[in-house]
Amino acid sequence: MQTLTKVNLPEIKTALPGPKAQEILDQDAKYISPSYTRSYPLVMRRGYGALIEDLDGNTFLDFNAGVAVCALGHAHPEIVAAITKQAQDFIHISGTDYYYPQMTALAEKLNELTPGAFTKRVHYSNSGAEANEGALKTAIYATGRHKFIAFRGAFHGRTFGALSLTASKAAQRRGFGPQALDVTHVPYANPMRFPLERRAGESVSQRVARYLEETIFKTTVPPEDCAGIIVEAVQGEGGYVVPPPDFLPELRRICDAHGIVLILDEVQSGMGRTGKMWAYEHFDIVPDIVTMAKAIGGGIPLGVTVAREDLMKWHVGAHASTFGGNPVAIAAALKTIEILQNGVMDNAAQIGAYMLDKLRELQAQHNAIAEVRGLGLMIGIEFVKDRETQEPWPDLRDRIVYELFEKGLIVQGAGESTIRFSPPLIITREQADFALETFASAVAKHAK
Ligand SMILES: Cc1ncc(COP(=O)(O)O)c(C=O)c1O
């Protein structure tokens with residue numbers, strides 16, 4: 001690991017993709033499902049911290065972290081040790097049929113870590129989509145209702161229940177016929193792109209609330225049939241959109257008024273990414289159900305549905321998963337939480353605030369940057385052709401994403417025309433500066 005432990009910044013040595021990477025790309029084109037959405041040909045060999053080495057010995061600075069999974073970077077020695085130790089003891093037995101202390105240890109920890117002075121029950125699965133399936137089934141079972149409200153731009157996963165909630169790209173639904181669940185999508189409180197007309201002095205959040213109460217509840221979703229409202233505290237795949245402070249409180253108020261379950265999907269925004277453990281903690285509300293995945297397993301698949309005890313009252317056999325809550329994944333989760341609380345979450349808050357400031361300075365120099373937004377290290381930069389019309393500029397975004405790859409900076413798009421930064425939360429100031437400089441020169445080159 002000499003190269004990787006010694007360098008903190010990327011180094012590109014070959015044309016991209018290099019020859020060894022190209023061999024894998026050829027195999028991939030032959031054998032792998034064509035549904036995957038790769039933006040550039042990165043073929044990983046190994047990683048350390050925020051760096052990735054590809055098969056040809058090029059190193060990249062990872063500002064995507066495996067889509068917000070590797071919060072502590074790659075191959076964190078303490079995570080590797082926790083996984084190894086657990087694997088030596090036992091790898092699997094199935095919590096569906098047997099008991100092991102790892103399951104209760106993480107459940108107890110999550111009870112402490114999620115606001116709300118009540119006991120929460122925990123159901124384990126293996127992914128974000130499954131964590132949301134667990135939330136849907138909890139809400140339907142507890143309320144005896146079957147309709148849901150979700151938001152335009154939301155991403156909640158691709159299994160059939162979760163797909164009914166997802167509304168970020170038509171490609172995710174095209175060709176799959178009718179949706180499994182009865183879900184009504186309403187506008188998210190996106191201050192930059194908000195489709196509903198407002199009254200004087202009305203906030204976007206109040207407008208969403210009024211739309212629900214005066215339009216949706218009176219026409220297609222009688223509130224007494226509505227099991228749940230599911231929402232991301234910061235919209236992820238939809239473009240890293242941060243809602244105004246009154247949005248989640250408005251939803252909380254509506255849910256309380258109508259006995260609707262408020263479900264917070266923290267799959268992408270959770271685990272310290274925004275500088276707090278859960279993004280909804282920035283908004284001073286207590287949800288009824290929280291769903292978690294991605295970063296919680298330290299890179300090992302783990303999904304968690306955390307629900308108010310009085311809601312998760314299933315009969316025996318109602319819901320379970322063979323692998324859900326696998327002990328190796330839980331060992332990684334417990335270690336991840338410990339390290340996050342030991343300064344890493346604070347680092348996310350500090351470096352995130354620094355990057356937001358610098359990116360806003362850059363925005364002032366380029367009309368193509370319509371908005372810089374984010375919390376902690378969940379940062380979105382939205383591009384437009386024209387600031388007046390706010391016409392999205394996806395081609396520019398895609399060109400910049402590719403250029404950054406060629407310069408050794410790994411990022412992904414989100415929404416129609418946004419670049420997202422979701423680096424490991426352990427990045428240094430030096431790495432943040434490299435990313436900022438590389439990004440600034442790519443914008444200067446392409447945004448003309
Ligand atoms: C907010 C959110 N929920 C759910 C999911 C689905 O997670 P998974 O891909 O693990 O099923 C994602 C994935 O990007 C997500 O961002």
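Predicted model: local features only at pLDDT ≥ 70, side-chain atom pairs only at ≥ 80, totals over all residues.
Where they touch, domain 1 contributes 28 residues and domain 2 contributes 24 residues. On the side that belongs to domain 1, the elements giving two or more residues are α3 (65–68), α10, β11 (369–375), β12 (378–386) and β16 (418–421), and by class that side has 17 nonpolar, seven polar and four charged residues.

That brings me to the interior. As a general matter, nonpolar side chains in soluble globular proteins tend to be buried together. Here the largest nonpolar core has 129 residues, and those touching the most other members are Leu61, Ala150, Ile229, Val261, Ile263 and Ala332. Helix α10, residues 327–365, supplies the largest share of this core with 14 residues, and at least three residues are drawn from each of domain 1 and domain 2. If we take Ile229 as an example and leave aside its neighbours within four places in sequence, its contacts are Ile149, Leu251, Cys255, Ile260, Leu262 and Ile263.

Next, the sheet. Four strands, in the order β1-β2-β3-β14, make up an open sheet with mixed pairing, and its edge strands, each pairing on one side only, are β1 and β14 (409–410). Within this sheet, β1 (residues 44–48) runs antiparallel to β2 (residues 51–54), with four bridges between the two strands. Met44 has Asp54 as its bridge partner in β2, while Tyr48 stands opposite Leu51. The two strands form a hairpin with two residues between them, and in the turn Gly49 has a positive phi of about 60°.

Finally, the ligand. Which residues come nearest to it? Of the 15 residues around the ligand, these are Ser127, Gly128, Ala129, Val267 and Gln268. Among the elements, helix α6, which spans residues 128–143, gives the most to this shell, with three residues. Taken by class, the shell is made up of five nonpolar, seven polar and three charged residues.

Note on methods:
Residues numbered from 1 in each chain as written. Near = placed C-beta within 6 Å. Nonpolar A, V, L, I, M, F, W, Y, C, P; charged D, E, K, R; others polar. Pairing = 2+ DSSP bridges. Core = buried A, V, L, I, M, F, W, Y, C linked by C-beta atoms within 7 Å. Buried ≥ 20, exposed ≤ 12 C-beta atoms within 10 Å, placed from the backbone. Domains from an automatic or database assignment. Contact = placed C-beta atoms within 7 Å.
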